[in-house]
Amino acid sequence: MLMLLMGILAAAIGGAGVVERKVPLDRPQDQFEMPHTMLANSGAYTEPVTMEPYSKLKYRNIVHQAYDYSCGSAALVTILNYHLGIMVDEQAAMEGMLDKGEKDKIIERRGFSLLDMKRYVASLGVTGAGFRAEIKDLMQLNEPAIVPIDYAGFKHFVILRGIRDGVVFIADPSAGNIVFSVEEFARWWDKNTLFIITPPKDKPAIAQLALTDRELGVVDMDRVTNRGRLGGINNSTLLLERAVNSGVAGTWMHRQ
């Protein structure tokens, strides 16, 4: 009898580990279902999520510079395309700045200046202007701006998308969408200069570089230098979501 009871118990335990087989359903491309365990073990539910490669998310709404010296033209075209809705490619912008700017100086320094950008965008019917500012001024900006940074002796143009809760959101033509702490950005910001392009009065900006609530909700602060580190997380579901959103698995997970 004892052996019989032990056999029944072993079968029950073994059967508990069997996963129910489900027939896959047709779903939109790149959409998956990820199971979540509800609080207090009250049951389980399935939440639809959309997943996309992190490499795609990283350069969303950014023109990736074609050459190591073309960060200025790529940053400019990024704003023209994704903020103003003026569709030009990087090659056209480079040729335009060579034509409208000081060609000899551009060739000598192997790069474009804010003055070259100003002359070129004027030929497109929009106004560009350079300013000197402080960090407190950047916190009040409601449109993207091209800013020069000096990192380890290298001059580079990036796009400041905005500052929220001590985090500076940057669209970098060479590195994609990245974030800095305010302290970090302040050290690298070159000469407190920024360049803003104003949309025509009869054509409002499409503002695809504007920060979104969804984006603000998934920043992993462990990737921002000089910020307080996130404490330990024991919940396995939160750990998985944090790992995915950090790009560990090469994907990004959005809640529907």
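Leu-76 touches Met-97, Met-117, Tyr-120, Val-121, Ile-146 and Ile-197, residues up to four places away in sequence being left out; contact means heavy atoms within 4.5 Å. The model is predicted, so local features need pLDDT of at least 70 and side-chain atom pairs count only at pLDDT 80 or more, while totals for chains, interfaces and linings use all residues. Residues are numbered from 1 along each chain as its sequence is written, and side-chain values use heavy atoms, without hydrogens and water.

A nonpolar core is a set of buried Ala, Val, Leu, Ile, Met, Phe, Trp, Tyr and Cys residues joined through side-chain atoms within 4.5 Å, where buried means under 20% relative accessible area (1.4 Å probe, protein chains only).

| Core | Size | Residues |
|---|---|---|
| Largest | 29 residues | Leu-76, Leu-80, Met-117, Tyr-120, Ile-146 and Ile-197 touch the most other members |
| Second, separate | 19 residues | including Ile-135, Ile-170, Phe-185 and Trp-189 |

In the largest nonpolar core, two or more residues come from each of α3, α4 (90-100), α6 (114-123), β5 and β8 (193-198). The largest share, eight residues, belongs to α3. Helices (H or I, at least four residues) and strands (E, at least two) are DSSP runs, numbered from the N terminus.

The second largest pocket has a volume of about 510 Å³. Among its 20 lining residues, Cys-71, Phe-112, Lys-155, His-156 and Phe-157 are the closest to its centre. On a 1 Å grid over the protein atoms alone, a pocket is an open set of points where a 1.4 Å probe fits, with protein on both sides within 12 Å along at least five of seven lines; lining residues have an atom within 4 Å of a point. Its volume is the space filled by probe spheres set on the points. Strand β5 gives the largest share of this lining, three residues.

Notes. Buried < 20%, exposed > 50% of the residue type's maximum accessible area, 1.4 Å probe, protein only.
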